[in-house]
Amino acid sequence: MLPNNEDGTPGGVRLQKVMAAAGVASRRVAENLIAEGRVSVNGAVVRELGTRIDPEVDLVAVDGQAVQLDTSKRYIMLNKPTGVVSTMKDEQGRPDLRQYDDLFEERLFNVGRLDADTSGLLIMTNDGEMANILAHPKFGVQKTYIAKVRGRVNGQTLNKLTAGFELEDGEIKADKARVLSSSSAENTSLVEITLHSGRNRIVRRMMAEVGHPVLELVRRLFGPLHLGTLASGAVRDLSKLERGLLLTLAREAAEYTSSGRCTMSENNAVRLNCQVRVVGAGLLGSSIGLRLASQGVDVILAGSSPTTLKLAVDL
């Protein structure tokens, strides 16, 4: 429960009111969702209609899907054309992403990159911390590409792609690979390849390594998002469903670390009173670390005192 305000009035906002303001459902329908146990706050199912939350801090989900409470955040899908570099200001004067950023009042960031010769799905958002998390190579969001390559790709080549091999910057393998079509007249193949690596020009380097240089490349999927029929150079806002899927993916990627001073309790267990620092605070609310620190987080472990402790906090 949230503490009362200084004047004694209840703190926070009623959960059903927050859900209605976020466009999830009307207050009455939101109350039904809560009563049915379909709503969670910070990972815990909530059934009490009087529950109050802090919408700037707490994480709400319905049926396991994240709800966007901060309506100031915007999420845009772009079908990036070839010839456009994935930066907001190209020092060489090449076409860049500013032409799409200028269409919106918000200042947008791109989530990851596509090289100039690659077209397809690129996410732009003003949620900079979410963009950093989803683009971070340690997380490795899954992406699917369609590549037109030189030569006839056979089953042996597909097996090599999914089994993995060494490149100059380390081992790489595709999660999935299949041939969509082949052309004897052009001596080309159309290959769908799915992988989670974000390394530079990785699909082109992989296909070159197996003897099938890429002629054309387009990214069709980014995590749960599909390019669909969006025309080259066109942009659109993500739907409410797509935003929920993307935010759910981002929450799963959020990392938590803690640091603090360990003291021994009377029963010889280790009690660590720690201040929690949230990596990717933009996803979770910028004040959540301060709130946890002010309330204190007690962690009980059996055994000797660790010098550092990584917490998998179920928020």
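Reader: Which residues of helix α2 are called buried, and what makes a residue buried rather than exposed?

Author: This is a predicted model, in which local features need pLDDT of at least 70 and side-chain atom pairs count only at pLDDT 80 or more, while totals for chains, interfaces and linings use all residues. Residues are numbered from 1 along each chain as its sequence is written, and side-chain values use heavy atoms, with hydrogens and water left out. In α2, which spans residues 27–35, the buried residues are A30, L33 and I34; buried means under 20% relative accessible area, exposed over 50% and partly exposed in between, with a 1.4 Å probe and protein chains only. Helices here are DSSP runs (H or I, at least four residues), as strands are (E, at least two), numbered from the N terminus.

Reader: How do you know that the buried residues of α2 line one face of the helix?

Author: Seen down the axis, they fall within an arc of 100 degrees, so they line one face; the arc is that of the directions from the helix axis to the C-beta atoms. Among what covers them are α1 (15–21), β2 (39–41) and β5 (60–62).

Reader: What makes the charged end of K160 count as sitting over the ring of F165?

Author: The charged end of K160 is 5.6 Å from the ring centre, and the definition asks for NZ of Lys or CZ of Arg within 6 Å of the centre and within 35 degrees of the ring normal. K160 is therefore counted as sitting over the ring of F165.

Reader: How many aromatic pairs does a search of the whole structure find?

Author: The search finds 0, where rings of Phe, Tyr and Trp (its six-membered ring) pair if their centres lie within 6.5 Å, with planes under 30 degrees apart counted as stacked, over 60 as edge-to-face and the rest as tilted.

Conventions. Contact = heavy atoms within 4.5 Å.
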